[in-house]
Amino acid sequence: MTFRVWIARIAVVMLAATVLVPGAQVEVWATPLTLVETLDELEEADASGSGDRSRSEVIETPISFSAVGFEAPAAVDSIRVRTSVDGVEFSPWDPMDFMDAEDGPDEGSAESASQATGKHTEPLWVGEASHLQVEVTGGSVATLNTSLIDSMGLSGGPVQREVQASIPEASASGLNIISRAQWGANELLTTKAPSIASQVHMGVVHHTAHASTSVANSYTREQAAGLVRSFHAYHTTSLGWNDIGYNALVDRFGRIYEGRKGGFDRGVIGAHAAGYNTGSFGVAVIGNFVQTQAPSAAIASLTDVIGVKAAIHGINPAGWTDRMSGTAWRPTVIGHKDVGQTSCPGLIHDLLPTIRLNARGYSAPALAPVIDGRFPDVPLESPHRPAILSLADAGVTTGCRENAYCPSDTLQRAQVSSFVARAFDVPPAAGVAFPDVSTSSVHAGSIKALTQRGWIAGYSNGKFGPSDTLTRGQLATVLARSLELPMPTPTTDPYPDVSRHSTHAPALAALRNVGIQGNCGSGNFCATDPALRDSTASFIQMARSVRSTR
């Protein structure tokens with residue numbers, strides 16, 4: 001048996017240095033420096049069983065370890081491991097879960113170029129062990145690479161110390177977040193600068209799935225930070241990622257941990273959902289919840305993280321987005337399984353509808369100047385600017401292009417269908433409702449969904465005219481229908497320039513009755529004029545306010 005040792009150590013001078021800090025409040029953390037040791041091969045036992053099963057000898061490991069992971073050839077079908085503190089009493093055989101194809105960096109990213117090749121397992125948390133035995137099917141144990149991780153100081157390794165003038169805030173959100181320094185991130189393992197996305201559109205929920213039995217969910221308060229350290233070490237040293245894959249983690253006690261470095265308030269690109277990392281944030285609940293539900297404390301903190309991150313990035317956590325990985329519409333908060341062949345996040349996925357609703361209404365006041373600085377092409381004195389920013393905060397609009405809203409542009413009928421669908425949280429429907437709406441159109445699902453609800457209608461010739469410019473009168477009718485307002489023929493003209501017998505008069509009168517009014521000058525409505533992006537935002541925001549009180 002040969003050994004290749006990767007032991008992350010900190011310079012003695014760093015441990016001995018005296019750090020002078022200003023102020024009277026001094027916080028000091030002392031955490032074990034995580035050790036990682038790799039066994040290049042395992043010795044196969046003489047009696048390896050039957051068939052294609054291969055079992056190793058019982059091995060006394062060079063270091064005591066709290067977690068273990070494996071790299072295996074593609075032919076290996078399964079791996080089981082059992083561990084022991086003394087080499088006499090062993091744990092039950094634990095099956096190892098292989099990493100999903102949907103784990104890791106986005107394809108084509110700089111981080112993916114350094115990602116380790118081969119077939120890897122999830123790390124298995126064992127708590128404490130100094131002996132192990134491994135069994136595989138489909139190959140030989142001698143072909144495995146074994147990563148032993150000591151994130152709890154079991155081997156008497158060095159301690160890293162952090163001294164700060166005060167507890168470092170991982171964010172400006174007001175959340176009580178355990179910072180990287182506090183949980184003991186070994187920054188020597190994270191040497192590359194984080195990549196930042198200009199916009200964030202989605203949150204992805206995970207569980208860490210670090211064991212297949214109850215040990216995954218029975219860790220103690222004292223061990224929780226060690227689990228985070230083990231993920232950090234495994235993701236960087238074994239998988240070749242730049243940093244821990246998640247942006248935030250939550251333990252079973254409800255404590256929140258800062259994940260990948262770069263700032264909780266920024267769009268840090270993680271390695272938690274391949275193909276969906278750029279433009280999303282990933283939060284993982286520490287545990288395996290395939291067979292049991294996560295504790296209520298963990299779900300409450302998960303909701304807090306999603307709510308605050310959504311507020312920071314202007315996302316409606318109960319809304320939908322088509323800005324991620326192609327043109328498909330998806331909820332803005334999803335589970336990992338929604339974008340790949342994985343069981344993650346287990347039974348937590350069943351709670352996502354409630355989590356989405358409960359995550360609404362959070363705020364990030366410290367970031368208000370940043371959010372208000374968006375869309376510089378909308379004049380500060382514009383009466384429509386508050387509505388535009390409010391809809392952006394809710395994730396209804398991100399503008400016409402990067403850092404622009406195009407307030408004076410007209411809107412097509414298809415575009416307004418998606419605008420209204422997002423504003424009222426209407427999920428897209430499959431198929432098309434009109435022959436002139438292409439199945440490949442990004443607006444097809446919204447047009448179909450609003451048609452099914454009776455909110456929009458086509459022309460008398462059976463077509464929809466998706467590229468036709470929407471008129472102000474048509475917009476009024478769509479909004480009145482979306483609010484399900486009664487629309488009898490009014491007894492008087494709703495506006496000086498709109499006859500009570502005209503097509504859109506019932507809708508305009510109904511909207512006026514609930515306080516939604518428009519004025520294009522001299523008290524007129526200009527129902528046949530094109531609907532512009534800025535005034536449309538005001539109409540939709542008013543309709544959302546009315547809807548919230550009904």
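The expected span of a helix is 1.5 Å times one less than its number of residues. Keep that in mind for the first view of this predicted model.

**View 1. Helix α13 and its neighbours.** Helix α13 runs over residues 533-548, which makes 16 residues. From first C-alpha to last, α13 reaches 22 Å, close to the 22 Å expected. Which residues of α13 are buried? They are Arg533, Asp534, Ser535, Thr536, Ala537, Ser538, Phe539, Ile540, Gln541, Ala543 and Val546. Look around them and you will find α8 (385-393), α9 and α11 (472-482) among the elements that cover these buried residues.

**View 2. The largest nonpolar core.** This core has 52 residues, and the ones with the most contacts inside it are Val420, Phe424, Leu479, Leu511 and Phe525. Helices α8, α9, α10, α11, α12 (505-513) and α13 each supply at least two residues of the core. The most comes from α9, which gives six residues. Zoom in on Leu479: leaving aside residues up to four places away in sequence, Leu479 touches Val420, Phe424 and Leu511, and also Phe539, Ile540 and Ala543. Apart from this core lies another, of 27 residues, including Ala298, Val308, Ala310 and Leu352.

**View 3. Two disulfides.** The structure holds two disulfides. A disulfide is a covalent bond between the sulfur atoms of two cysteines. Cys400 is joined to Cys406, with 2.0 Å from S to S, and this link is right-handed, with 60 degrees about the S-S bond. Cys520 is partly exposed at 34% relative accessibility, while Cys526 is buried at 18%. Counting bonded cysteines along the chain, the pattern is 1-2, 3-4.

**View 4. A loop residue, Ala430.** Where does Ala430 sit? Its place is in the loop between α9 (413-423) and α10 (444-453). Ala430 counts as exposed because its relative accessible area is 69%, and exposed means over 50%. Lys448 is 18 residues away in sequence, yet the two C-alpha atoms are 7.3 Å apart in space.

**View 5. Where to read with care.** The protein chain averages a pLDDT of 86, and 88% of the residues score at least 70. Over residues 1-26, however, the pLDDT is below 50. Residues 365-372 also stay under 50. Where pLDDT is low, the predicted coordinates should not be read in detail.

Conventions
Residues are numbered from 1 along each chain as its sequence is written. This is a predicted model: local features need pLDDT of at least 70, side-chain atom pairs count only at pLDDT 80 or more; totals for chains, interfaces and linings use all residues. Side-chain values use heavy atoms; hydrogens and water are left out. Helices (H or I, at least four residues) and strands (E, at least two) are DSSP runs, numbered from the N terminus. Buried means under 20% relative accessible area, exposed over 50%, partly exposed in between (1.4 Å probe, protein chains only). Contact means heavy atoms within 4.5 Å. A nonpolar core is a set of buried Ala, Val, Leu, Ile, Met, Phe, Trp, Tyr and Cys residues joined through side-chain atoms within 4.5 Å. pLDDT is the predictor's confidence in each residue, from 0 to 100. A disulfide is a pair of cysteine sulfur atoms within 2.5 Å.
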